[in-house]
Amino acid sequence: MSLLTVKENIGMVNNSNTDMASLVQANKNIVFDTKDLNLWYGETHALKDINLKINEKEVTAIIGPSGCGKSTYLKTLNRMVELVPTVRTTGEITYKGQSILDKSFKVENLRTRVGMVFQKPNPFPKSIYDNIAYGPRIHGIRNKKILDEIVEKSLRGAYIWDEVKDRLKENAYGLSGGQQQRLCIARTLAIEPDVILMDEPTSALDPKSTLKIEDLVQELKKDYSIIIVTHNMQQAARISDRTAFFLNGEVVEFDVTDTIFTKPTDNRTEDYISGRFG
Amino acid sequence: MKYLNAEQVTKRMDGRIAKNNILKVLFLLATLFGLIVLAILIYRVVVDSIGWIDWNFLTGRQSTDAERAGIMGALLGTLWMMLVVAPVTLILGIGTAIYLELYAKKGRLQSIIQTNIANLAGVPSIVYGILGLTIFVRAMEMGNIILAGGLTLSLLILPIVIVAAQEAIRAVPGFLSEASYGMGATKWQTIKNVILPAALPGMLTGAILALSRAIGETAPLTVIGIPALIIPFPEGIFDKFTALPMQIYYWTIDSSLVAEYANLAAGTIIVLLILLFVLNSAAIFIRNKFQQRF
């Protein structure tokens, strides 16, 4: 509960100049609205005139061949892309009506609302408990009882509680790859985000672990908006509501997943999903 | 058509194998050269010191009478000086490494600083002695006290500590800090909770090895005028002092006057070697014990 208060306060600070209520009302179901986004790494033009509206509480898949900009776009949504020093962007992305690329929007706030799960499971070399408690702790929660509750709730949320409840004090690197990735998802849930970005979360996992993560994504979309980058087209078809097809830094097609996979309007989409390239 | 003629290949085979064996022996000799010289050195020192290292030698005062002379003063001087060098180099070294690796913008200024630190690591130690003499002993009017000696040696090993700490930071995988940033942590929170715990064993190992180099340094101390006179045991960092390498230096020089001084020097070398051995073991222990798996 106190975590929620913290986040509301963060929100208040940021909305001082914007009439939040009206903006949220106007974009009721849109969580991210991207307008004419362009991004360069140094001289390389990596994203070109991206326009995408991403709905709340849906799974949006981003597919495309290597180097098409899909991961870059995902990392722009929580501004992780800024860790590359030479990055430059133009255009606008709004998150629930607030312009997030604006330097006045603190990235720490953004990343508290927009969590991220990475390609390779990346738990900290700490205990399972400390991994989950990491986020709440950096946001100022010290109370042991509240931390305990958050840890249990997050691990249950990621369907890994039963597997780890007796070994919370053990190092997270004792878990299998698939368990580590679910732990990382639980760690993201612990900051109580609205959106979860997933950057090829199953590419380092075996088929069985992959299936577990896919089931988990289906459960999570009841409460969270999920944007998932994947190389695996079957995966996109299985778990997403909408799919965006990226090619050479552009959005070629963005539609309901069924439409993309059954009757795409663009030839390049059809070529890609039928395996003619990529 | 084949490019390799089987007959020719077989004919050359013996020569190739012989060359391989000769080189193997050459490299072994290169290794042995260093090892044998070192072994002879240690053997000579041990032989010379036999019968000289006893309780009286370890705890006694400096004396012109070889039978009564002890090294307690020099031992205390060295330990006090390390109490100055260790915190100064750790704080400044790790602080500098954090700034250069994690905060500084990669650019011209950063690369100029970086190049200069690398160059400073190669500056002869006697030059640092002159620097210490000019700044600490004379300009700041400290005189040749422990603090002045400690700060001089700190300057000497600081570049090594910085470079080691930078390498330790660079060895922390990026995916760990990404995970922290991805949850809304600030840079300092990420450094404190993720990067430093992972890098600390490497940093400490580098610092301890640098410290053991400082312990053996003689030249800078000679320049700032550390005596080997009969002076009271130092009781703090503002006292005048002598140190183990200085004691070795003076006893070796004076062994032409009193032959037994050579044995005293050998005994002091053994004590210094044991000290270094303990420090290096500590470095290895820290590295193995606290290294994190990821």
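User: How many bridges join strand β4 of chain A to β5(A)?
Analyst: Two bridges join β4(A), residues 87-95, to β5(A), and the strands run antiparallel. Strands pair if DSSP finds at least two bridges between them. Helices (H or I, at least four residues) and strands (E, at least two) are DSSP runs, numbered from the N terminus. A quick note: this is a predicted model, where local features need pLDDT of at least 70, side-chain atom pairs count only at pLDDT 80 or more, and totals for chains, interfaces and linings use all residues. Residues are numbered from 1 along each chain as its sequence is written, chains are lettered from A and ligands numbered from 1 in the order in which they are written, and side-chain values use heavy atoms, leaving out hydrogens and water.

User: Which residue stands opposite A:Thr94?
Analyst: A:Ser99, in β5(A).

User: What order do the strands of that open sheet of four have?
Analyst: β2-β1-β4-β5 in chain A, with antiparallel pairing. The edge strands are β2 (44-55) and β5 (98-99), each pairing on one side only.

User: And the sheet with six strands?
Analyst: That open sheet, also in chain A, has the order β6-β7-β8-β3-β9-β10, with mixed pairing. β6 (114-117) and β10 (250-256) each have a single partner strand, so one side of each has no neighbour in the sheet.

User: In what sense do β3(A) and β9(A) pair?
Analyst: Parallel, over four bridges. A:Ile62 has A:Ala244 in β9(A) as its bridge partner.

User: New topic. Why is α3 of chain A largely enclosed?
Analyst: Six of its eight residues (70-77) are buried, so the rest of the structure largely encloses α3(A). Buried means under 20% relative accessible area, exposed over 50%, partly exposed in between (1.4 Å probe, protein chains only). A:Tyr73 and A:Leu74 are among the buried ones. Just after α3(A), A:Arg79 takes a positive phi of about 60°.

User: Now chain B. Which residues touch the most other members of the largest nonpolar core?
Analyst: B:Met81, B:Ile157, B:Leu221, B:Trp251 and B:Leu264, in a core of 48 residues. Such a core is a set of buried Ala, Val, Leu, Ile, Met, Phe, Trp, Tyr and Cys residues joined through side-chain atoms within 4.5 Å. Helices α3 (72-103) and α6 (146-170) of chain B are among those that each supply at least two residues.

User: How do α3(B) and α6(B) cross?
Analyst: Their axes, lines fitted to C-alpha atoms over the stretch in contact, come within 6 Å and cross at roughly 35°. Angles run from 0 to 180 degrees between N-to-C directions.
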